[in-house]
Amino acid sequence: MTEQPDRKERQRETHLAPDPAEGPLTTDQGVAVDHTDDSLTAGERGPTLMEDFHFREKLMHFDHERIPERVVHARGAGAYGYFEPYESCAEFTKAAFLQDPSVRTPVFVRFSTVQGPRGSADTVRDVRGFATKFYTSEGNYDLVGNNMPVFFIQDGIKFPDFVHAVKPEPQNDIPTGASAHDTLWDFVSLQPETMHMMMWLMSDRAIPRSYRMMQGFGVHTFRFVNANGKGTFVKFHWKPKLGVHSLVWDEAQECQGRDPDFNRRDLWDAIEAGEYPEWELGVQLVPEEDEFNFDFDLLDATKLIPEEQVPVRPIGRMVLDRNPHNFFAETEQVAFHTANVVPGIDFTNDPLLQARNFSYLDTQLIRLGGPNFAHIPVNQPVAPVRTNHRDGYHQTAIHTGTNYSPNSLGGGCPAIAGADGYAYTHYAERVDGDKIRKRSPSFKDFYSQAAMFWNSMSDWERKHIVDAFRFELGKVGTVQVRERTVNELAHIDYGLATAVAEGIGVANPEPGPDNHKPVASPALSLDNLGGDHSIRTRTVAVLVTDGVDAEQLTQAQQALSAEGAVVEALAAHDGKVRGSDGNGYAVDRALPTVASVLYDAVLLPGGPPGTPDLASDEAAMRFIRDAYRHGKPIGALGSGVGLLASLAPDGLHLSAGHHQVCSDRGVVTDTTTGAASEEFTRAFTEAIAAHRHWTRPGPRL
Ligand code: HDE
C-alpha cells in the first residue's frame, strides 16, 4: 500500500487550527483580550462605545459566518476515505488511479438531498447526491453522481426551469424538502422526458435507509481513453456492500420529526464506530463502434443501460473511514465540478453533462466568494499545483516569480507538459454540424424505460410507487395537473395510471399507445440488491422493564452484537433496570427520547411471572405497533411472546408451548425461558438481514 491517503491527511493537518494549548483569548490582530462577556459602555447602564474594537470585531465576524447555500443539494454530509482498484484498467483508461491495486487514492464524498435547504430533514422523498472527489496523483477527479441512474431532463438548458418548479413555491417558500406541490407536477406533466426519473423518485429509492445503503451512479455516459488514445464509453456505478435498503414512506415522514439528522447521524456514527462504509465501483463499458446498437441514445441522461444488456464490471472499492474535523470547512466548502477530470477520463456530448461542465465552476464563485476556492483545504489536490493564476478575493498565497506564459524571465516556468501522455489531452472527437436549437429525434422515446422500470418492480415496490403518486398528486391543488399526470402515466402502464387516478379522484385516462416491449431489468428491483446479507450496523431495540429475564437479555445482546448489529436496551427511564437475577442492567436510552422509526428491528425479551408488563407503557406499545406496520423484524422471547400474541393480527403464526421457535414474515418468536436458542438467533438475524417484511396480515395490534 502506498502512502497516498496519508498525503491528503498530512496536507489537511497543516491546516488544522486546534485551540491553542496556552495563551489568552486574543483579537484577530493578536491583541490579548481581558474580558469578553460585557461590552465597553459609558457607565454601567450606558450605551456601548464605538471604540470597543473587540466587540465590533466579534460581531462583524459573526455577522458574516454564513455563505450562500448550494442552490441545489444544500443539505449534505461528507466523509474522507480511500479508493483502490482491483486490477489495472489500462486496457480502457490511462487514469493513474485506476492502474495499480497497491495504490490507494484518498477521497472525500459528500451525500446530499436536492430540494431542501441546508437545515431541512434528511428523510424526505428526494434524489440523493453522491459526489466523490478523488485526490489522484494526476490531479483531482470528481465523480458527481446521484443515487438514481437517470435524470429528469435531457438538456441542461431546462435545469433552471426544473429546479424552479421543484423548489418551494416562490410566494410562500412552501413546501420544504418536498416535491408534493403544484409547480413540480405542473412541469412534470408538461415535460414527458421527466417520466422515467419520476418513476424512480416515486419508488423507495427516494427514501434511503442510510447513505451507506444506497447505490451511486455517474448518470451520464462518459468516456475512458487508454494510452493509445482509444476511447470507450463508460457508465459508473457505486454498489454498497451492505446492500440497498430503504425506509417506508410513513416511517420516513415521522423520522423527519424524530430525528431530522437521521442519515447524517447514521453516517457519522458508523464511521466513529469503525464500521466503515464501503462501495464497489463498477463500470459498464461500451466500445465506440457499438454506440448506435441501443434503442435509445447513449447521450440521453434519461436512459440507463440495462445491466442485463451490458454487465457492470467491478473495478475497485471505496471505503470511508474518517469524519471531517469541521463541517463548514470541509463538507460545506467542498466544491465539486464535473469538469474536474484526469487524463484517461473524458466527456461525451450528452447535453446535460455539457451544461454541468459550465455550471459547477460558475456556482462556486457565488458560493465561495471568489476564484480561489481551490485553495480551501478540502479542495486542494495532492498533486502539485503550478499556475499563473494570481490575486482575487481570499488569496492566501504569496506568489513570487513570473505570472505569465511564455516567459524567459522566470526561466520559462511553469513549463508546458506537452502532449506526452502525462498532460490532459482532450479526446480528438470529430464534430461538425449546423448551428441549431433542436432535440435529436433519438431522444424522443420518453416512456419505454419508464415502463421497463415499472415492469422490473416486485409487487410491494409497485404498491409503494402507486401510494407515492397518490400522496404527491393528492397534495396538488390543480385538478388539470393531476389529470395531465395520470394521462402521462397511461403511456407507461395503464394499470398504474388507473390505480393512481382512483386514489386522487380523477377519471381514468384514455389508454396510452401500448407499444412497449415487455422488457424488465431485474437488476433494478430492491429485491435483488441485498448486498452481503449481513446485519452489520442494523439497529435493534430491546424493550426492557424491571424483572427482565437477565439471561435472555444478555445472550440476545451478545449474539446480535456478534453479528455486527447495534443493540440498544430501551426502558421507560434512563439508568438501569433490575434483571430477574437481581442485578442492574444498563438502559441505553429512555423510550420517550426515541421511537421505532429510528431502529431497524425490535426484540421483546420475557421475564418471570410478575414482571412489569410493557403493555402498560404507551411508548413501548406504540413502538411495537409501528415496527409491525413498517414491516420491521420483531423478535419475542418467553413472556414477550404472550405480549405479542395479545396484539398480533389473525393469521400471523407465533410459537406456542415450550422451546418452539417460529418465524413468520419477520416475526420470530420463542417461548423458551432463559437464554434464546441458536435457532431463534439465526431466524431473527435472517429476518433483520431481509430488512423489511411486506406481506404481513393486518391490522389488530
Ligand atoms: Fe448538479 N449541481 N446539476 N446534478 N449536482 C450542483 O453545484 C447542475 C445534475 C449533483 O455535494 C450545483 O456546487 C446542472 C445531475 C450533486 O457539493 C450546481 C445540472 C447530477 C451535487 C449544479 C445538474 C447532479 C450537485 C449546486 C443539469 C447527477 C452536489 C452547488 C445540467 C449525475 C455536489 C454546486 C456537492 C450540485 C448544477 C444535474 C448531481 C448548481 C446545471 C444529472 C451530487 O452547479
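This is a predicted model: local features need pLDDT of at least 70, side-chain atom pairs count only at pLDDT 80 or more; totals for chains, interfaces and linings use all residues.
The UniProt record, an unreviewed entry, places a feature named "domain: Catalase core" at residues 26-413. In the model, this span is 21% helix and 19% strand, and its end C-alpha atoms lie 41 Å apart.

The surroundings of each annotated residue can be described in turn. H73 is located in the loop between α2 (53-63) and β1 (76-85). This histidine, H73, counts as buried because 22 other C-beta atoms lie within 10 Å, where the cut-off for burial is 20 or more. Apart from neighbours within four places in sequence, the contacts of H73 are S112, V114 and G129. N146, in turn, belongs to strand β4, which comprises residues 139-146. N146 is likewise buried, since 24 other C-beta atoms lie within 10 Å of its own. With neighbours within four places in sequence again left aside, N146 is in contact with V127, R128, G129, F130, F217 and V219.

The ligand provides the next point of reference. Around the ligand are 26 residues, of which R70, H73, G129, G156 and V219 come nearest. Elements that contribute two or more residues to this shell are β2 (105-113), β3 (128-136), β4 and α9 (351-368). Helix α9 supplies the largest share, 6 residues. Sorted by class, the shell holds 14 nonpolar, 9 polar and 3 charged residues.

An α-helix has 3.6 residues a turn, so residues three or four places apart point the same way. In helix α3 (residues 159-166), the residues F162, A165 and V166 are buried. They cover an arc of only 90° around the axis, which puts them on the same side of α3. The cover over these buried residues of α3 includes α4 (182-190). Helix α6 (residues 249-258) has E251, A252, C255 and Q256 buried. Their arc around the axis is only 150°, and they therefore lie on the same side of α6. The buried residues of α6 pack against α7 (262-272).

The largest nonpolar core has 108 residues, and V540, V542, L543, V544 and V602 touch the most other members. Helix α5 (residues 195-202) gives the most to this core, with 7 residues. A second, separate core of 58 residues includes C89, I271, L285 and L368. As for V540, its contacts beyond four places in sequence are L560, A565, V567, Y599, D600, A601, L603 and I688.

D626 counts as partly exposed because it has 19 C-beta neighbours inside 10 Å. Its contacts, neighbours within four places in sequence left aside, are S596 and V597. D626 and R212 are 414 residues apart in sequence, and their C-alpha atoms are 24 Å apart in space.

The backbone itself deserves a final look. Most residues other than glycine have a negative phi, and most peptide bonds are trans. Against that background, the peptide bond from I174 to P175 is cis, with omega near 0°, and P175 is found in the loop between α3 and α4. D173 is placed in the loop between α3 and α4, and its phi is positive, near 60°. D173 counts as exposed because it has 10 C-beta neighbours inside 10 Å. Another cis peptide bond joins C413 and P414, with omega about -10°; P414 is in the loop between α9 and α10 (448-456).

V219 also has a positive phi, about 70°, although it is not a glycine. V219 is in the loop between β5 (216-217) and β6 (222-225). With 23 C-beta neighbours inside 10 Å, V219 counts as buried.

Conventions
Residues are numbered from 1 along each chain as its sequence is written. Helices (H or I, at least four residues) and strands (E, at least two) are DSSP runs, numbered from the N terminus. A residue is buried if 20 or more other C-beta atoms lie within 10 Å of its own, exposed if 12 or fewer, and partly exposed in between; C-beta atoms are placed from the backbone. Two residues are in contact if their C-beta atoms, placed from the backbone, lie within 7 Å. UniProt positions are given in the numbering used here, feature names are shortened, and annotations may be inferred rather than shown by experiment. The arc is that of the directions from the helix axis to the C-beta atoms. A residue is near a molecule or strand if its C-beta atom, placed from the backbone, lies within 6 Å of it. Ala, Val, Leu, Ile, Met, Phe, Trp, Tyr, Cys and Pro count as nonpolar, Asp, Glu, Lys and Arg as charged, and the others, Gly among them, as polar. A nonpolar core is a set of buried Ala, Val, Leu, Ile, Met, Phe, Trp, Tyr and Cys residues joined through C-beta atoms within 7 Å.
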